[in-house]
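Subject: Structure handover

Hi,

Here is the structure you asked for. My notes follow below it.

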Amino acid sequence: MSDGHDHSHLSDTELRVRALESLLTDKGLVDPAALDAIVDRYENKVGPRNGAKVVARAWVDPEFKKFLLEDGTAAIGSLGYLGSQGADMVVLENTDKVHNVTVCTLCSCYPWPVLGLPPAWYKSFPYRARLVKEPREVLQEFGLELDDDVEVRVWDSTAELRYLVLPARPAGTDNMSEEELADIVTRNSMIGTETVASPAGGA
Ligand code: FE
């Protein structure tokens with residue numbers, strides 16, 4: 001495609017996967033619930049843990065954070081999390097004044113090596129259509145209330161360039177180790193639809 005945003009392979013792949021899933025289910029070879037469990041595992045557990053490790057490293061290591069914001073691809077690559085659907089990465093820092101959130105307005109481009117598989121809502125038409133037009137309203141629906149003086153920046157992913165949001169480190173985490181910090185980083189905080197909450201009992 002002339003805009004460099006190639007979607008055709010995705011719909012073809014999705015069609016083929018759907019055809020295979022229907023066939024295997026009809027023949028009793030796979031259980032749809034088991035498939036859902038596998039997808040859930042990659043959406044929510046395995047995939048985003050890589051991104052969470054990138055975030056935690058940036059929170060504890062200022063030199064790495066600088067590297068990550070200047071050259072996301074090289075910094076993420078130094079931890080071993082580059083690959084197909086995430087070969088060229090830009091990292092966006094959320095601060096008191098700027099809140100970044102990512103979308104693919106045309107399909108579902110998403111940084112697989114750091115976040116795993118995209119959740120269904122990320123691929124949905126309402127999210128893709130509305131985030132650019134009314135980001136504050138969409139974020140409110142995710143439970144994220146931003147102060148009026150916070151600038152919201154929406155980033156449209158493409159086949160060539162994928163984004164990872166670096167959420168703000170929450171208060172009350174000064175004594176946490178890098179591993180403990182990685183455990184509190186959520187997938188949605190790295191998409192930008194939520195922030196990372198202070199741990200229970202923290203400040
Ligand atoms: Fe796309």
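How do the residues of the lining of the largest pocket divide into nonpolar, polar and charged? They divide into 13 nonpolar, three polar and seven charged. Here Ala, Val, Leu, Ile, Met, Phe, Trp, Tyr, Cys and Pro count as nonpolar, Asp, Glu, Lys and Arg as charged, and the others, Gly among them, as polar.

First, the ground rules. This is a predicted model, so local features need pLDDT of at least 70 and side-chain atom pairs count only at pLDDT 80 or more, while totals for chains, interfaces and linings use all residues. Residues are numbered from 1 along each chain as its sequence is written, and side-chain values use heavy atoms, with hydrogens and water left out.

**Pockets**

A pocket is an open set of points on a 1 Å grid over the protein atoms alone, where a 1.4 Å probe fits, with protein on both sides within 12 Å along at least five of seven lines. Lining residues have an atom within 4 Å of a point. A volume is the space filled by probe spheres set on the points, with grid points joined across faces, edges and corners.

The largest pocket holds about 730 Å³ of space. Its lining has 23 residues. Glu14, Val17, Val39, Leu117 and Lys123 lie nearest the centre. Helices α1 (8-26) and α2 each supply at least two lining residues. The most comes from α1, with eight residues.

The second largest pocket has a volume of about 290 Å³. It is lined by 18 residues. Nearest its centre are Thr95, Asp96, Leu146, Ala168 and Thr195. This lining divides into seven nonpolar, four polar and seven charged residues.

**Fold and overall shape**

The chain has ten helices and four strands. Both are DSSP runs, numbered from the N terminus: helices are H or I with at least four residues, strands are E with at least two. From the N terminus on, the order is α-α-α-α-β-β-α-α-α-α-β-β-α-α.

The C-alpha trace spans about 55 × 35 × 35 Å along its principal axes. The radius of gyration, taken over C-alpha atoms, is compared with a globule rule of 2.2 Å times the number of residues to the power 0.38. With 203 residues, a compact globule would come near 17 Å; the chain has 18 Å, which agrees.

Buried residues make up 37% of the 203 residues in the chain. Buried means under 20% relative accessible area, exposed over 50%, and partly exposed in between (1.4 Å probe, protein chains only).

**Salt bridges**

Side chains of opposite charge can pair when their charged atoms come close. The whole structure has seven salt bridges. The cut-off is a side-chain nitrogen of Lys or Arg within 4 Å of a carboxyl oxygen of Asp or Glu. Three of them are described here.

- Arg57 and Glu178 meet at 2.8 Å, N to O. This pair links distant parts of the chain, 121 residues apart: Arg57 sits in helix α2 (residues 32-60) and Glu178 in helix α9 (residues 178-184). Arg57 is partly exposed at 28%. Glu178 is partly exposed at 23%.
- Asp149 pairs with Lys97, the closest N and O atoms being 3.2 Å apart. Asp149 lies in the loop between α8 (135-141) and β3 (151-156), and Lys97 in the loop between β1 (89-93) and β2 (98-103), so the bridge ties together parts that are 52 residues apart in sequence. Lys97 is partly exposed at 48%.
- Glu141 and Arg130 meet at 2.9 Å, N to O. Glu141 is in helix α8 and Arg130 in helix α7 (residues 125-133), eleven residues apart. Glu141 is exposed at 56%, whereas Arg130 is partly exposed at 24%.

Arg130 and Glu141 also belong to a network of salt bridges with Glu134.

The disulfide count is zero, where a disulfide is a pair of cysteine sulfur atoms within 2.5 Å. Cys107 is buried at 11% relative accessible area. Cys109 is buried too, at 3%.

Leu144 is found in the loop between α8 and β3. Is Leu144 buried or exposed? Leu144 counts as buried, at 7% relative accessibility. Its C-alpha atom is 13 Å from that of Pro167, 23 residues apart along the chain.

Best wishes
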